[in-house]
Amino acid sequence: MKKTLVAVAVAGALATPAAMAAELSTNIYWSTAISTGTITKTTAAGAVTEIDRGDILDGGGNRLMLQWTDTLDNGLGLVAHLSFGNLNTAGSLPDFAANTVSVRNANIGLSGDFGMIQYGSNEHFTETDLIFDPSYADYGNSGDALYYTALGSSGFWFTRRDGDSIWYTGKDMNGFQVRAAYTFGPEGDANTSTANPTGTQIGLSYASGPLRLGINNAVYNDYENDGGGGAGVSGSEASMTTLLASYDLGVVNIKLATWSIEQSGVSVVLGSSGGTATAIGASGRSIFVGMPVGGGTLWAQSSSLADQDVTVAGAKSARSDSGKDGWDIGYHHALNSNVNFFVRYGMSETGVLYNDDRTARVAGAAADTDATDSSAKVTDLMFGLQLIY
């Protein structure tokens with residue numbers, strides 16, 4: 001289900017723990033779209049390939065969420081959350097077979113005058129604070145900020161669903177709120193005698209009327225280069241710092257974010273650029289503007305990830321054509337309290353070197369060459385119905 005409902009439910013539980021009665025709520029988010037568009041790839045040698053696309057697809061990551069709230073005998077509040085993803089309701093039979101229902105988030109927590117402490121698996125605030133648009137950031141081919149929080153060369157992605165976590169959400173104190181999370185990291189092959197993958201996040205926000213400001217920092221240590229659950233890399237570190245601001249004027253709602261990503265202690269072959277990187281960095285930004293129009297919401301957003309800086313043999317330099325840009329515009333119209341009609345058009349484009357060697361490195365193959373490096377431009381036009389209950 002949409003991530004914003006999770007935040008609303010948790011905030012409600014946090015605000016009134018003593019008043020809660022035992023309750024099980026079920027929420028469904030289901031969005032199916034008709035989509036058309038193109039994918040254009042251009043190699044460094046100038047060869048162009050264009051593919052026309054047309055599909056019926058899940059238009060935003062369908063979800064089923066269960067949430068239990070209760071009051072314990074000692075007055076503490078309890079919240080348990082279980083959500084399911086990969087609810088593929090469109091596509092052919094192979095799609096159904098490959099995308100079975102799976103647990104997306106599962107956590108339980110206690111609330112009181114101290115705030116709320118939860119543990120389990122969760123999409124933490126470094127990710128969810130970058131959900132700007134009314135489609136809940138699950139398309140990925142255009143301007144959603146969440147799809148500009150990765151380092152293309154190594155593949156480390158800060159759109160994360162972290163298991164084995166424990167986190168704290170503070171109560172509002174004159175508009176200020178503190179959040180913190182600790183991730184024990186993947187188990188099994190990831191832990192070695194020298195590597196112990198762990199992660200932390202900490203955030204501070206301030207809200208006053210229509211204004212909201214925030215800063216978040218996430219750090220992951222000893223993870224493999226692409227941030228997955230494979231063998232850990234001793235001494236590696238990936239971090240992301242995000243600055244956020246929003247202001248709701250009533251007639252228009254503006255949201256802004258900038259972020260910087262850095263990864264060190266890695267070993268990434270850069271292929272056509274030559275050398276092996278021991279550190280990578282990039283900065284990104286996103287802007288969203290929404291306004292009520294004709295009983296609905298008209299919105300536009302733009303995001304970008306700048307060219308990456310890499311350190312090779314102790315020297316730091318920028319990699320030209322290693323960034324990503326995109327934008328989209330959309331309109332959501334409420335047909336009733338639970339159903340929206342939507343239309344959306346957007347585009348994204350990656351530089352020639354954005355994904356350089358990412359697949360080759362993970363597969364253990366030889367480095368890419370100029371002939372296989374390519375930029376990719378994706379356009380999407382989609383419209384459909386969005387059910388929220």
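The largest nonpolar core of this predicted model has 31 residues. Such a core is a set of buried Ala, Val, Leu, Ile, Met, Phe, Trp, Tyr and Cys residues joined through side-chain atoms within 4.5 Å. Buried means under 20% relative accessible area, exposed over 50%, and partly exposed in between, with a 1.4 Å probe and protein chains only. Because the model is predicted, local features need pLDDT of at least 70 and side-chain atom pairs count only at pLDDT 80 or more, while totals for chains, interfaces and linings use all residues. Residues are numbered from 1 along each chain as its sequence is written, and side-chain values use heavy atoms, leaving out hydrogens and water.

**Nonpolar core**

- The residues with the most contacts inside the core are Leu-130, Phe-158, Trp-259, Ile-261 and Leu-305.
- Two or more core residues come from each of strand E10 (211–221), strand E11 (237–248), strand E12 (253–269), strand E13 (276–293) and strand E14 (296–305); helices (H or I, at least four residues) and strands (E, at least two) are DSSP runs, numbered from the N terminus.
- Strand E12 supplies the largest share of this core, with five residues.

**Aromatic rings**

- The whole structure contains ten aromatic pairs; rings of Phe, Tyr and Trp (its six-membered ring) pair if their centres lie within 6.5 Å, and planes under 30 degrees apart count as stacked, over 60 as edge-to-face and the rest as tilted.
- Phe-288 and Trp-299 form a stacked pair, because their ring centres are 6.1 Å apart and their planes lie at 25°.
- This pair joins distant parts of the chain, with Phe-288 in strand E13 and Trp-299 in strand E14, eleven residues apart.
- Phe-288 counts as buried at 4% relative accessibility, and Trp-299 counts as buried at 1%.
- Phe-156, Phe-158, Tyr-220 and Tyr-223 are linked into a cluster by ring pairs.

**Charges over rings**

- Lys-255 lies over the face of Phe-288, at 5.1 Å from the ring centre; a charge sits over a ring if NZ of Lys or CZ of Arg is within 6 Å of the ring centre and within 35 degrees of the ring normal.
- Lys-324 lies over the face of Tyr-148, at 4.6 Å from the ring centre.

**Salt bridges**

- The count comes to eight salt bridges, each defined as a side-chain nitrogen of Lys or Arg within 4 Å of a carboxyl oxygen of Asp or Glu.
- Asp-380 forms a salt bridge with Arg-53, their closest N and O atoms being 3.0 Å apart.
- That bridge links distant parts of the chain, from Asp-380 in strand E19 (residues 374–388) to Arg-53 in strand E2 (residues 48–58), 327 residues apart.
- Asp-380 is buried at 6% relative accessible area, whereas Arg-53 is partly exposed at 23%.
- Asp-129 forms a salt bridge with Arg-212, with the closest N and O atoms 4.0 Å apart.
- Here Asp-129 lies in the loop between helix H3 (125–128) and strand E7 (162–169), and Arg-212 lies in strand E10, 83 residues apart.
- Asp-129 counts as buried at 15% relative accessibility, while Arg-212 is partly exposed at 27%.
- Arg-344 forms a salt bridge with Asp-144, the closest N and O atoms being 3.1 Å apart.
- Arg-344 belongs to strand E18 (residues 339–350) and Asp-144 to the loop between H3 and E7, 200 residues apart.
- Arg-344 is buried at 4% relative accessibility, and Asp-144 is buried at 2%.
- Asp-133, Asp-144, Asp-328 and Arg-344 are linked in a network of salt bridges.
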